[in-house]
Amino acid sequence: MEIPKPKDLLDFAGKVVIVTGASQGIGAGIAQRFGEAGARVIVHYRSGVDGANAVVEKIRESGSQAMAVAAELTDQTEVEALVAHARKHFGSLDVMVNNAGIFPNAALLNMTRDEWRAMIEANMDTAFLGTQAAAHHMKAAGGGAIINLASISAMNPASDHSHYNSAKAGVVMFTRSAAQELGPSGIRVNCISPGLIARPGLEDAWPEGVARWQQSAPLGRMGTPEDIGDACLFLASPAARWITGVNLIVDGGVMSSMIF
Ligand SMILES: NC(=O)c1ccc[n+]([C@@H]2O[C@H](COP(=O)([O-])OP(=O)(O)OC[C@H]3O[C@@H](n4cnc5c(N)ncnc54)[C@H](OP(=O)(O)O)[C@@H]3O)[C@@H](O)[C@H]2O)c1
């Protein structure tokens, strides 16, 4: 096994990466960081075509290739087509980041079965389908890296989010299970559990939550999409070559505190 020099560990030149849900938010940050690291990036979106095109443009400005591709990720055929797209246009698939997800609130006593199912589908089914489709290609190619986006809610449940907390806990265990089965094929599967990530309008919409976060976070701020992007770069890189099945908490230290 060839081990790159430390300074080359985050060089993704020649690598092909799919980031789902990359037209905005965390996914956009992940896609841009992979592009800045030299990767050829498939910027997946569902309805956010303008956002996806803007991310593609930024990646091209940084000197890397990128392409926006639409897919409904709860549809197995569309997920398989997305993965095939990477192979067809860029020749391979080295890294799959299953980032897309939804997180509407609903109190347990009012939650409908449809709301429960939609949450599980958008967060868990998408991780399963994306992992399976990518792994078929990666197995044939001799290996790859898959990263699923979970949440600190998988460990410490947020209120009015029983469906989301459960879906993300499922993503963590699915990641471990996939790592176990796919390791012998040279495929590493890990997940990242972000804490609260800043987005436009969040401080106006939820001032008390943001203030509480900033008071309790040892590192004193919300996260950025780039904070999560850099954790993805690490887990996808040869620096993490002996790491699989982990849940990397990236939350400014909030989970390190005792929560009563
Ligand atoms: N934001 C946070 O503080 C935070 C904290 C912990 C974990 N996370 C997790 O991190 C991930 C990204 O969060 P975010 O805040 O960046 O979310 P976001 O801004 O809402 O973006 C998520 C993207 O996922 C796409 N998507 C959702 N369901 C889809 C489906 N069925 N098929 C295809 N695309 C779908 C959406 O596409 P369209 O808009 O085009 O429909 C959207 O662009 C999620 O998994 C989330 O649970 C977020």
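## The ligand and its surroundings

Of the 27 residues around the ligand, the nearest are Ile26, Arg46, Ser47, Asn99 and Tyr164; a residue is near a molecule or strand if one of its heavy atoms lies within 4 Å of it. This is a predicted model, in which local features need pLDDT of at least 70 and side-chain atom pairs count only at pLDDT 80 or more, while totals for chains, interfaces and linings use all residues. Residues are numbered from 1 along each chain as its sequence is written, and side-chain values use heavy atoms, with hydrogens and water left out.

The shell around the ligand holds 11 nonpolar, 12 polar and four charged residues. Here Ala, Val, Leu, Ile, Met, Phe, Trp, Tyr, Cys and Pro count as nonpolar, Asp, Glu, Lys and Arg as charged, and the others, Gly among them, as polar. Helix H1 (25–36) and helix H5 (162–182) each give at least two residues to this shell. Helices (H or I, at least four residues) and strands (E, at least two) are DSSP runs, numbered from the N terminus.

## Backbone contacts to the ligand

A backbone N or O atom of isoleucine 26 lies 2.8 Å from an oxygen atom of the ligand. For a polar backbone atom of isoleucine 197, the distance to an oxygen atom of the ligand is 2.9 Å, and for one of glycine 48 it is 3.1 Å. The ligand taken alone exposes 900 Å², and the protein buries 90% of that; accessible areas come from the Shrake-Rupley method with a 1.4 Å probe.

Strand S6 (residues 187–194) is mostly covered, with eight of its eight residues buried. Buried means under 20% relative accessible area, exposed over 50%, and partly exposed in between (1.4 Å probe, protein chains only). On one side of S6 are Ile187, Val189, Cys191 and Ser193, and on the other Arg188, Asn190, Ile192 and Pro194.

S6 runs parallel to strand S5 (residues 144–149), to which six bridges join it; two strands pair if DSSP finds at least two bridges between them. Alanine 145 stands opposite arginine 188 in S6. S6 also runs parallel to strand S7 (residues 247–250), joined by four bridges, and serine 193 stands opposite isoleucine 249 in S7.

## Aspartate 125

Helix H4 (residues 113–141) contains aspartate 125. This residue counts as partly exposed because its relative accessibility is 29%. Aspartate 125 and aspartate 75 are 50 residues apart in sequence, and their C-alpha atoms are 9.2 Å apart in space.

How values were computed
Polar contact = N/O pair within 3.5 Å; in protein donor to acceptor, adjacent residues only side chain to side chain.
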